[in-house]
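Here is a short briefing for a reader new to this structure.

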Amino acid sequence: MRVLLQFPGRGAADWRDAVAAALSEATLETWPEVRSGPAGARPDYALVWKPPPELFTAAAPTRAVFNLGAGVDALVAVPTLPRDVPVIRLEDAGMAAQMAEYATLAVLAAHRDLRAYAEAQREGRWTPRPRRAPEEFGVGLLGLGVLGRAVAAALAPFGFPLHGWSRTPRTLPGVTCHAGAAELPAFLARSRVLVCLLPSTAETRGLLDRDRLALLPVGAEVVNAGRGDLIVESDLLSLLDDGRLGGATLDVFRAEPLPPTHPFWHHPRVTITPHVSAVTDVGASVAQVAAKIRRLERGEAVSGVVDVARGY
Ligand code: NDP
Ligand code: OXD
């Protein structure tokens, strides 16, 4: 079995070592090194993260493409992506627990008014604020996939009314589920904190524009850990500036790294993290990919197969 691994930047050696150990029976090649070797057989499997188009032109896999991340927006945008083999993404692989922590941190900070207390501290003001009952503080989960469901489970003990929104109707214990465009306004109106965990697709890009963000309760907090292009950034900024929205906790951005001159950097109501809400765990990811390759080799079905036309 031939496996081609491509992982850009820091961490490439860790991936190579982990794949070599987990799939010791495979002949492992790496991109771009494989390009300068003798032209050989096509790989059976390609394990990639944001691959360049030339990779599939030079070495299209015959069995499957594995995306070394949960979101496949960068991969499905590659024009040379083979259409005759399945594209398989990471499911959880150590990310769900991290995302649950990140979202819980942001929701609790919003519920306990930490932004207002930080401002009071900067001004040397001792200003207690009234307690807010959790049962009156709705939390909206935009996306009820692997990560959205983990966040729902983590938030359950705190007593916030939980609302969820997905493309297809879902049933989740303790979550009032909404689905489709028609149910989005009612969902947004109940979301005192909105946690965005949608993939970036043709349908979701720019979803959170001024009109939709304005449906959130006054003072709402927006938490985005899905993809930056779900939000129209200028609309978010103007709603923060005029006080319609209370704050934003942002892990993902249209341009990453966030450009130094971007107004988010110094906005008093914006908290920034550099796309670290759920980092890829090399060991868990490679173990998942290796297990799926073995299933495919036995002719068995695997989960996490991406609908490329749908975009996730
Ligand atoms: P899943 O595919 O498991 O879940 C996606 C969810 O989004 C599903 O509930 C799906 O609905 C819903 N959805 C998709 N399109 C629409 C739409 N048009 N309207 C309404 N709902 C929609 O993905 P994961 O939970 O594993 O990951 C979600 C995203 O999180 C990734 O795509 C990635 O962009 C991001 N991510 C960010 C990380 C970070 O560090 N910031 C780390 C990992 C992932 P349905 O249930 O009906 O299919
Ligand atoms: C992912 C990510 O999609 O790290 O896995 O954002």
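**Ligand site and aromatic pairs**

Ligand 1 has 29 residues around it, and L144, T168, R170, E203 and Y312 come nearest. The model is predicted. Domain 1 (2-93 + 280-297) and domain 2 (95-272) both give residues to the shell, so ligand 1 lies between them.

**Contacts with ligand 1**

- A backbone N or O atom of L147 lies 2.9 Å from an oxygen atom of ligand 1.
- G145 also places a backbone N or O atom by a ligand oxygen, at 3.1 Å.
- S277 uses a polar side-chain atom, which lies 3.0 Å from a nitrogen atom of ligand 1.
- On its own, ligand 1 has 940 Å² of accessible area, and the protein covers 94% of that.

**Make-up of the shell**

- The shell around ligand 1 has 14 nonpolar, nine polar and six charged residues.
- At least two shell residues come from each of α5 (95-111), α7 (146-155) and β7 (162-166).

**Aromatic pairs**

- The structure holds five aromatic pairs.
- F7 and W15 form a stacked pair, 5.0 Å centre to centre with 25 degrees between the planes.
- Both of these residues, F7 and W15, are buried.
- The ring centres of F137 and F160 are 5.8 Å apart and their planes are at 50 degrees, so this pair is tilted.
- F137 sits in the loop between α6 (114-122) and β6 (139-142), and F160 in the loop between α7 and β7, so the pair ties together parts 23 residues apart in sequence.
- F137 and F160 are buried.
- One aromatic cluster is formed by F137, F158 and F160.

Methods: Residues numbered from 1 in each chain as written. Chains lettered and ligands numbered in written order. Predicted model: local features only at pLDDT ≥ 70, side-chain atom pairs only at ≥ 80, totals over all residues. Heavy atoms only, no water. Near = heavy atom within 4 Å. Polar contact = N/O pair within 3.5 Å; in protein donor to acceptor, adjacent residues only side chain to side chain. Areas by Shrake-Rupley, 256 points an atom, 1.4 Å probe, with all protein chains shown as cover. Helix = DSSP H or I, 4+ residues; strand = E, 2+ residues; numbered from the N terminus. Nonpolar A, V, L, I, M, F, W, Y, C, P; charged D, E, K, R; others polar. Domains from an automatic or database assignment. Phe/Tyr/Trp six-rings, centres within 6.5 Å; stacked < 30°, edge-to-face > 60°. Buried < 20%, exposed > 50% of the residue type's maximum accessible area, 1.4 Å probe, protein only.
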